[in-house]
Structures are given as C-alpha cells and as structure tokens.
Amino acid sequence: MKLNNTLLYSVVFLALILGIWNLVGKRDEIVYVDTAKLFQEYSEAVKVNKKLGEEAKKYEGNIDTLMQEIQGALKDYEKIGAKLDASGRAKQEHLITEKQAELQRYQAVVKEKLEKQRNEEFSGVVTTINAFLKEYGKRKGYRMILIANPAGTIAYAKDGTDITEEIIKELNAKK
C-alpha cells in the first residue's frame, strides 16, 4: 500500500512538474511589430523610399515649369487684359484655363504613376518581410505576430511584446 501511495505521489508530482515546465518552457505568446518603424529602418525599405523620392523630384521640376507658365500667362493677362478686345481677352483666358487643365492632368498622371511604382517597388519588400516574419515566428515559437500601424491597431501592449528592433536587426543582417 505504501508503495502504491509513493508511486501515485511520484506520478502526480511528475505530471505537475511536466505541466509547469510545459507552460514555462513554451514561448507561446503574442508579440507585435511596428510597421512605421520597420519601414523607416529596414534597409531595403529605405532604398525604395529614396528611389521613389528621387523619382518624384524629377516630376516636381516639370510641375514647377507648368506653374511658372501659368503665372506668366496670368501676369501677361493682368498687364494687357484691359487693352484687349473681348475676343483677345477670351483667347488669353482660354490659354490660361488650358494651361491650368494641363497642369491638373499632368499632376494626376504623375500621382498615378508614382503610386503604381510605389506599390510595385514595395510589394517585393512586403513579401520579404512577411516571409521573414512567418519564419521568425515559427523559429521563436510565437503564437502570433501582430502588425501595429500608425492608425493605432494596438491600443495596449505589455512591455517586451514589441519585437520590432529584433526584426529590423535580423532583416538588415540578411543582405
């Protein structure tokens, strides 16, 4: 009888130890990554942002030129508009309106082109990040990795659950 009690206590004790070890030993937790910080500090994202900024500057020069043409046409109209007959004024006004419309069309085309290029360039970066996060999460035994964005999707997180620095460090080291 004493042997059975000892055996029973040993089995219960062993089960208790294994249960505690299982709870403590697993890293089955939920963590998050701050995407704003990730996209500011991940070297590939920085490269894409720089490239897109340079591309945007090229178009800014053209936009400035079109704006100067409109301003010049407006100044000319102010100077000579009163001296022109109705037909001359109408021509000048039409010219100004056409230049303004041309500027708006150009700005819309540039905006669309830059947005398309941004989406294409960043799709590779996002694919790389997502694949890395999946592998990293499995390797570290996380239950879930959440994405925190500037819109504020995470209202509260316990200290130590932000793994952004670790992710940036490992992604930048992967070159």
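Burial first. The protein has 175 residues, and 22% of them count as buried. Keep in mind that this is a predicted model. The exposed surface comes to about 13000 Å². Carbon and sulfur atoms supply 57% of that area.

Now the layout. There are five helices and two strands. Reading from the N terminus, the order is α-β-α-α-α-β-α. What about contacts between residues at least 6 apart in sequence: what share joins residues at least 24 apart? The figure is 81%.

Let's go to helix 5. That is residues 164-173. Which residues of helix 5 are buried? T164, I167, I168 and L171 are. They span an arc of only 95° around the axis, so they sit on the same side of helix 5. Now look at the face turned away from that buried side. It carries K169 and A173, and these are exposed.

What covers the buried residues of helix 5? The cover includes strand 1, residues 30-34. It also includes helix 2, residues 35-41. And it includes helix 4, residues 86-140.

Zoom in on one residue of that buried side, T164. Is T164 buried or exposed? Its relative accessibility is 1%, and buried means under 20%, so T164 counts as buried. Next, its partners. Set aside the neighbours within four places in sequence. T164 then contacts Y32, V33, D34, K37 and L38. A polar atom of the T164 side chain lies 2.7 Å from the backbone nitrogen of D34. Note the atom types there: side chain on the T164 end, backbone on the D34 end.

Last topic, the aromatics. How many aromatic pairs does the structure hold? Four. Take Y136 with Y142. Their ring centres are 6.2 Å apart, and the planes meet at 35°, so this pair is tilted. For reference, under 30 degrees would count as stacked, and over 60 as edge-to-face. Both Y136 and Y142 are buried. Ring pairs join F132, Y136 and Y142 into a cluster.

To recap. Helix 5 has T164, I167, I168 and L171 buried, with K169 and A173 exposed on the face turned away. T164 reaches the backbone nitrogen of D34 at 2.7 Å through a polar side-chain atom. And F132, Y136 and Y142 form a cluster linked by ring pairs. That's it from me.

Notes: Residues are numbered from 1 along each chain as its sequence is written. This is a predicted model: local features need pLDDT of at least 70, side-chain atom pairs count only at pLDDT 80 or more; totals for chains, interfaces and linings use all residues. Side-chain values use heavy atoms; hydrogens and water are left out. Helices (H or I, at least four residues) and strands (E, at least two) are DSSP runs, numbered from the N terminus. Buried means under 20% relative accessible area, exposed over 50%, partly exposed in between (1.4 Å probe, protein chains only). A polar contact is a pair of N or O atoms within 3.5 Å; within protein, one must be able to donate a hydrogen and the other to accept it, and residues adjacent in sequence count only if both atoms are side-chain atoms. Contact means heavy atoms within 4.5 Å. Rings of Phe, Tyr and Trp (its six-membered ring) pair if their centres lie within 6.5 Å; planes under 30 degrees apart count as stacked, over 60 as edge-to-face and the rest as tilted. The arc is that of the directions from the helix axis to the C-beta atoms. Accessible areas come from the Shrake-Rupley method with a 1.4 Å probe; for residues, only the protein chains shown count as cover.
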